[in-house]
Amino acid sequence: MGQSPTPHGSAPDLRVSLGPLQLANPVLTASGTFGYGLEFSDFVDLSRLGGIVVKGLSLKPRPGNPPPRLAETPCGLLNAIGLENVGVEKFIEDKLPLLRQRGALIIVNILGNTVEEYAELAALLSGVPGIAALEINISCPNVKKGGMVFGTDPHMAAQVVAAVRKRTHLPLITKLSPNVTSIADIARAVVDAGSDILSCINTVSAMAVDPFSRRPKLANILGGLSGPAIKPIALRCVYETVQAVSCPVIGIGGIQTALDALEFLLVGASAVQVGTANFVHPRASLDILDGIERFCRQQGLGAITDYIGTLDTSCRFPLADMSCDLSHPRPFP
Amino acid sequence: MPRVQEKAKILENHKEAEGIYRLVLYAPRIVPTARPGQFVMVRVASEGSDPLLARPFSFHRLHKEDGLFELLVRVVGRGTQLLSQSRPGSPLQVVGPLGRGFTLPTSAQETVFFVAGGIGIAPLQALLDHVLTTTHKDHPERVYLFYGVRTAGEFISLNSLKRTGIHLVLSTDDGSTGQSGTVVEAVQQSVKDLSSMPERLYACGSLPMQVSLARWVQGRNIFVEMSLESMMACGLGACLGCALPAVHADGPEVEHYLHVCQDGPVLDPRRIRWDKVQPLMVRPQTYVSL
């Protein structure tokens, strides 16, 4: 397998390369769950993270959906925020300079009502120093125009990505929706259209109702489910996407701990984004990063890249093997 | 002001009334900068993912010299039910202090009204403690606490409130103690009796109380602040879930929201579009286990 063993006392190499985007480590924060980064600066040294993906930006400020916008579900969070954001202009003027001072690698998530709006946003942000990449949001389930409408149709998804590609040289990440029959089809379409990297998944379209008032719990009726409840779905989507395309993939969905993150890396994600866990524990992203480093040391891994995509699917466990003592995991092959 | 995440230790957990518990927490890193009206996010389950999110609670009492604060917990869901069962000695994950607190009175000359509906006494007690040890220390008679609940058994801390020297006006929906009717009706009656308006009014209570009070203060020249609640995921201004429809300077046709965690939880109720507030934005009245 060509592992680079960790020399005694030296830190494992956590750098990952996502095509044109180089990260100091594979832990990013997910858009919509970390504000503009500054909201968490009392808890997290932003410069330690692989990067932060800021709250999705539109050309003009958006007020978002009417409340109630949140409902908690077993092991999950249902939201219908509706992409409330300050708009690209205010972000560039007010938020970005402060964020840059903190030394964070900044990825901007963009969203539009039309293909042209996505392209215009890309052009605007391309001329601004301090932005490492753009993440194209074609998968938000909470808006009527744009969002998931683009992300569930391979042709439309490709149109958005191609239009954005023409207007920027920044690395492009396309964020995919799980609310499709075949995530692989969408993945192939957007990569062919010029996406350098894929991130998956966005929230899962879902619903919560109140049996006493007989009303939906969200004013929007439907929302996007996130948190630990969706991790197995996300893991499957990442696995299928990794099989379908050759570009790097970022795993997102219910990552709460370093072990969760490692599962995504194991199936082939080159990096992960931590989302809802930030709400639960403001330091979650750094705890996950520290946990990955500890894991590498424990496993004798010199570099995290030695671990990425090493899932062994050829192995079929006979029933008898399941009785083995899992508290002593076998050494890494 | 720095916000911190702290493993706070539960020192006491008392049942104060049916479904209402008072927790005393030791949190020496959070308490020093905490102010009346601010809140903390309390994670109920330190292990596991259900319930997933932390819950927001206002400071009920602050004991800065001891590094302690108190919370009043009303059982409204599974999270608060678990919290009510927490044992002394066990730790809780707490993030705070968060949000904007009350604007503190500056003059003993001001007549100050506190209007508490049910569990709404929670944040008002911290402010009352502050006022009675600072501005109104020598003039408790200029402080009025209107405290209304559904029935007499739901009152909290009545004995200590009676000892403060303030005007304590109690009301119950069922007439079992004090005036019969709502706490807002008690305020209106008092203003009539006194033939004067207070300079300041601080309030916290149920949605119907908030709506009723907001209607009453509309157009009146009183300084008013109300502690509001909304479903939150983070409490830090990141999730944007705790939005409340708000008045915009450009007119009612402009869609505009305030966020309880950052713009509040203490807000002038005249800034909120109460006509657009849906009943489900506040939590149900009682926890039902079927």
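Predicted model: local features only at pLDDT ≥ 70, side-chain atom pairs only at ≥ 80, totals over all residues.
A:Ser199 belongs to strand 10 (residues 197-200) of chain A. Helices (H or I, at least four residues) and strands (E, at least two) are DSSP runs, numbered from the N terminus. The relative accessible area of A:Ser199 is 0%, so the residue is buried. Buried means under 20% relative accessible area, exposed over 50%, and partly exposed in between (1.4 Å probe, protein chains only).

Residues are numbered from 1 along each chain as its sequence is written, and chains are lettered from A and ligands numbered from 1 in the order in which they are written. Local features need pLDDT of at least 70, side-chain atom pairs count only at pLDDT 80 or more, and totals for chains, interfaces and linings use all residues, while side-chain values use heavy atoms, with hydrogens and water left out.

Chain A holds nine helices and 16 strands. Its radius of gyration is 20 Å, close to the 20 Å that the globule rule gives for 333 residues, so chain A is as compact as a globular protein of that length. The radius is taken over C-alpha atoms, and the rule is 2.2 Å times the number of residues to the power 0.38. The C-alpha trace of chain A spans about 55 × 50 × 40 Å along its principal axes. Of the 333 residues in chain A, 59% are buried. Among contacts in chain A with a separation of 6 or more, 72% involve residues 24 or more positions apart.

Helix 5 (residues 183-192) of chain A contributes buried residues. These are A:Ile183, A:Ala184, A:Ile186, A:Ala187, A:Ala189 and A:Val190. Their cover includes helix 3 (148-151), helix 4 (154-167) and helix 6 (231-244) of chain A. Strand 9 (172-176) and strand 10 of chain A are also part of that cover. Just after helix 5 of chain A, A:Gly194 takes a positive phi of about 120°.

Over all chains, the structure holds 22 salt bridges. A salt bridge is a side-chain nitrogen of Lys or Arg within 4 Å of a carboxyl oxygen of Asp or Glu. In chain A, the side chains of A:Glu240 and A:Arg236 form one at 3.2 Å, N to O. The two residues are four apart in helix 6 of chain A, so about one helical turn separates them. Both are partly exposed: A:Glu240 has a relative accessible area of 31%, and A:Arg236 has 36%. A:Lys231, A:Asp260 and A:Glu263 are linked in a network of salt bridges.

In chain B, B:Asp129 and B:Arg61 meet through their side chains in a salt bridge (2.8 Å, N to O). B:Asp129 lies in helix 2 (residues 121-133) of chain B and B:Arg61 in strand 5 (residues 61-63) of chain B, so the pair ties together parts that are 68 residues apart in sequence. B:Asp129 is partly exposed at 22% relative accessibility. B:Glu18 forms a salt bridge with B:Lys15, with the closest N and O atoms 3.4 Å apart. B:Glu18 is exposed at 66% relative accessibility, whereas B:Lys15 is partly exposed at 49%.

At the interface, 36 residues of chain B are in contact with 41 residues of chain A. The two chains bury about 3100 Å² between them, 64% of it on carbon and sulfur atoms. Buried area is the accessible area (1.4 Å probe) that two parts lose on being put together, summed over both. Two salt bridges cross the interface of chain B and chain A. B:Arg55 and A:Glu72 pair through their side chains in a salt bridge of 2.6 Å, N to O. On the side of chain B that touches chain A, the elements giving two or more residues are strand 1 (4-17), strand 7 (91-98), strand 14 (243-245) and strand 15 (257-259) of chain B. Strand 14 of chain B gives the most, with three residues. The residues of this side divide into 24 nonpolar, seven polar and five charged. Ala, Val, Leu, Ile, Met, Phe, Trp, Tyr, Cys and Pro count as nonpolar, Asp, Glu, Lys and Arg as charged, and the others, Gly among them, as polar.

How values were computed: Contact = heavy atoms within 4.5 Å.
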